[in-house]
Amino acid sequence: AMLVLSAGREPHKIIGVEGAVMNNSVAMKIYDDGVRWLRFDIRLNSSYESYIKNLQHMGFKILGILDYQTLGVGIERGACTKDCNWTLEDWKNAVEEALETYPNITAWEIWNEPEISEFQSGMLDNGSPYGYFLIDREAYKEIKAKNQNDIVICLGG
């Protein structure tokens, strides 16, 4: 996925892309081509944290996706295999930890594609719209309590 901006003489200028783990030379190439935003699922481990912080140090802005990967839920072959019965309290704790771990992220997406069965577990079991509302509301409260100016995006996909 990419973010596209039409402005002045540069219609359809690419300003951001779906993040993928890349080496520094690839990152610098896309930065030199004008890409400034990268979109990543947020994971809570030290090597991933270092990777994201390095990209930010290079000048990229990150749109962080808070989702099953933030919770540490395991998915294999389209089915939940680990930590599948997470609660709203588990979600709140994961969001709080993500906000603490990544203080320089100021734009957040809440659970891209919640309607796809592969990504449904815990509060989102069976694609519950009410469950999605509850996790959106909880994440929004936590994000805005940290920084009122942070951007929150819901209903991705």
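Buried means under 20% relative accessible area, exposed over 50%, and partly exposed in between, with a 1.4 Å probe and protein chains only. Keep those cut-offs in mind for the tour.

This is a predicted model: local features need pLDDT of at least 70, side-chain atom pairs count only at pLDDT 80 or more, and totals for chains, interfaces and linings use all residues. Residues are numbered from 1 along each chain as its sequence is written, and side-chain values use heavy atoms, with hydrogens and water left out.

**Stop 1: helix H2**

Select residues 46-58. This is helix H2, with 13 residues. Helices (H or I, at least four residues) and strands (E, at least two) are DSSP runs, numbered from the N terminus. From first C-alpha to last, H2 reaches 18 Å, close to the 18 Å expected at 1.5 Å a residue. The expected span is 1.5 Å times one less than the number of residues.

Now colour Tyr 48, Tyr 51, Ile 52, Leu 55, Gln 56 and Met 58: these are buried. Look down the axis of H2: its buried residues fall within an arc of 160°, so they line one face of the helix. The arc is that of the directions from the helix axis to the C-beta atoms. On the other side, Ser 46, Ser 47 and His 57 are exposed.

What covers the buried residues of H2? The cover includes helix H1 (24-32), strand S3 (37-41) and strand S4 (61-66). Step past the end of H2 to Gly 59, whose phi is positive, near 115°.

**Stop 2: salt bridges**

A salt bridge here is a side-chain nitrogen of Lys or Arg within 4 Å of a carboxyl oxygen of Asp or Glu. By this rule there are 5.

Stay on H2 and show Lys 53 and Glu 49. Their side chains meet in a salt bridge at 2.8 Å, N to O. The two are 4 residues apart in the helix, so about one helical turn separates them. Lys 53 is partly exposed, at 36% relative accessible area. Glu 49 is also partly exposed, at 23%.

Next, select Glu 109 and Arg 39. This salt bridge is 2.9 Å, N to O. The pair links distant parts of the chain, with Glu 109 in strand S7 and Arg 39 in strand S3, 70 residues apart. Are these two buried or exposed? Both Glu 109 and Arg 39 are buried.

**Stop 3**

Go to helix H5 (residues 129-146) and pick Ile 143. Ile 143 is buried, with a relative accessible area of 0%. Leaving aside neighbours within four places in sequence, Ile 143 is in contact (heavy atoms within 4.5 Å) with Leu 66, Leu 99, Trp 108, Ile 110, Asp 150 and Val 152. Leu 99 is 44 residues away in sequence, yet 7.2 Å away in space, C-alpha to C-alpha.

Lys 146 is partly exposed, at 32%.

**Stop 4: the core**

A nonpolar core is a set of buried Ala, Val, Leu, Ile, Met, Phe, Trp, Tyr and Cys residues joined through side-chain atoms within 4.5 Å. The largest has 35 residues. Those with the most contacts inside it are Leu 38, Leu 55, Leu 66, Trp 91, Ile 110 and Trp 111. Centre on Trp 111: its contacts beyond four places in sequence include Trp 86, Trp 91, Phe 119 and Tyr 132.

**Stop 5: the disulfide**

Finish at Cys 80 and Cys 84, which form a disulfide (sulfur atoms within 2.5 Å) at 2.1 Å. The link is left-handed, with -105° about the S-S bond.
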